[in-house]
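The entries are grouped by topic.

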Amino acid sequence: SPRRPACLLLLSPAPLLAGGPQPTFSTTCARCSKNRRLRQKRVISERKLTRYFVDHRKVRVVGGQGGGGGHSFHSEPRKIFGGPDGGNGGDGGHVILKADQQMKSLSSVLPFYQGFHGERGGRKNCYGANGAYVYVKVPVGTLVKEDGKVVADLTRHGEEYVAAYGGAGGKGNRFFLSNENRAPTLFTPGEPGQERVLHLELKTTAHAGLVGFPNAGKSSLLRAISRAKPAVAAYPFTTLNPHVGIVHYQDYEQVAVADIPGLIKGAHQNRGLGMAFLRHIERCRFLLYVVDLSVSQPWLQLQDLKYELEQYKKGLSERPCVVIGNKIDLAQSRINLPLLKEQIDEQVIALSALRGDNLEELFLHLRELYDTYVKTEQSQGQSPVKW
């Protein structure tokens, strides 16, 4: 007979010889043992992240249907004509959108949601149970539109919006009891739930927004001042999705800085996914223009950026800002720095995101912009956004 492999012999539950020792399980054979080593998580590239980051969704929501009214008559011994006792049906459940700070994308939002139906009314005047609500978690900063009109703006954690109301429950025959009709047989069915088609748009909520052309060093700067890890490479359009980094201060204040993907000329005309990038700048309270000092005439970059912002939304370029001259470690950048200061009126902070030069000055000015924003909101009786 052909000889079995040693690993199969060791894995056999029966003893090899009568009265012999029980065999041990094999962990040396590659075919019989499992590799239980923990695998490290692979680093997801920026292009693969586009599958998980979604900032636009079309959702159809339907409220739960109300339960029908009950139809019954009370009956017990020695009480033949007990009268109607059919209870009302339960209301259908709502579909509710709820802003959650833990959600960062609309990728988990499904294209269809329906509330739970209400239960039918029972005997002995028992009302049917109401349908449970369906909560849909969306990121903070989600804009809800219907037929092109804004119906809700979820900008606070825990804020809710009823997207579709559930239908009302039907009336049982007990409801129609009257002196004229002592034995009503009429009962009504439950009403259908509200049905709507909504468009969800995500606009990143942050205190500061890094605005600049591709390959200006925005992602490198965000990595230098926060713990965010956006992809960094030598080619333009490395960043395809907005990233938010948190800058921590010693008094436990936290300033959120958003890395907006690079804009190009004609972005307000939706060139290069311009509209998808520009919508994330609307939520930023103040702007940080990142200019590449190594190119010729860097002040033209600032003019083009402000023009694109103003064409997209009037007054967007007039928000409090500071100009950051990046790549000061290069020789050509040190030559262009005084020329840039002569051409523009805004304050210029020259730094190197790659080497970390002069980041302290950026931290100070960033905190000044944040404190000014907080005081302005409090003076107007509004609560500033906290992270």
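In this predicted model, the side chain of His-207 comes within 3.0 Å of the backbone nitrogen of Ala-256. The C-alpha atoms of His-207 and Ala-256 are 5.2 Å apart, although 49 residues separate the two in sequence. His-207 belongs to the loop between strand 8 and strand 9 and is buried, with a relative accessibility of 0%.

- Helix 3 spans residues 218-225, and its buried residues are Lys-218, Ser-219, Leu-221, Leu-222 and Ile-225.
- These residues lie on the same side of helix 3, because the arc they cover around the axis is only 160 degrees.
- The cover over the buried residues of helix 3 includes strand 9 (208-211), strand 10 (243-248) and strand 11. Strand 12 (286-292), strand 13 (321-326) and helix 7 (359-379) are also included in that cover.

- Asp-259 is part of strand 11, which comprises residues 254-259.
- Asp-259 is buried and has no salt bridge. Its nearest side chain of opposite charge is that of Lys-218, at 5.0 Å, whereas a salt bridge requires the nitrogen and oxygen atoms to be within 4 Å.
- A polar contact of 2.8 Å joins the side chain of Asp-259 to the side chain of Ser-219, and Ser-219 is one of the buried residues of helix 3.

**Salt bridges**

- The whole structure contains 10 salt bridges.
- One of them pairs Arg-60 with Glu-195, with the closest N and O atoms 2.8 Å apart. This pair links distant parts of the chain, since Arg-60 is in strand 1 (residues 56-62) and Glu-195 in strand 8 (residues 195-202), 135 residues apart. Arg-60 is partly exposed, at 35% relative accessibility.
- Arg-196 and Glu-146 form another salt bridge, in which the closest N and O atoms are 2.6 Å apart. Arg-196 is buried, with a relative accessible area of 9%, while Glu-146 is partly exposed, at 24%.
- In the salt bridge between Lys-306 and Glu-346, the closest N and O atoms are 2.3 Å apart. Lys-306 lies in helix 5 (residues 299-312), and Glu-346 lies 40 residues away in the loop between helix 6 (331-343) and strand 14 (348-350). Glu-346 is partly exposed, with a relative accessible area of 24%.
- A network of salt bridges connects Asp-251, Arg-367 and Asp-371.

**Aromatic pairs**

- Two aromatic pairs are found in the whole structure.
- Phe-175 and Phe-176 form an edge-to-face pair, because their ring planes stand at 90 degrees, with the ring centres 5.3 Å apart. Phe-176 is partly exposed, with a relative accessible area of 24%.
- The pair of Tyr-370 and Tyr-373 is tilted, with 6.4 Å between ring centres and 50 degrees between the planes. Both residues lie in helix 7, three residues apart, or about one turn of the helix. Tyr-370 is buried, with a relative accessible area of 1%, and Tyr-373 is buried, at 8%.

Note on methods: Residues numbered from 1 in each chain as written. Predicted model: local features only at pLDDT ≥ 70, side-chain atom pairs only at ≥ 80, totals over all residues. Heavy atoms only, no water. Helix = DSSP H or I, 4+ residues; strand = E, 2+ residues; numbered from the N terminus. Buried < 20%, exposed > 50% of the residue type's maximum accessible area, 1.4 Å probe, protein only. Lys, Arg positive; Asp, Glu negative; His and termini not counted. Polar contact = N/O pair within 3.5 Å; in protein donor to acceptor, adjacent residues only side chain to side chain. Arc of directions from axis to C-beta. Contact = heavy atoms within 4.5 Å. Phe/Tyr/Trp six-rings, centres within 6.5 Å; stacked < 30°, edge-to-face > 60°.
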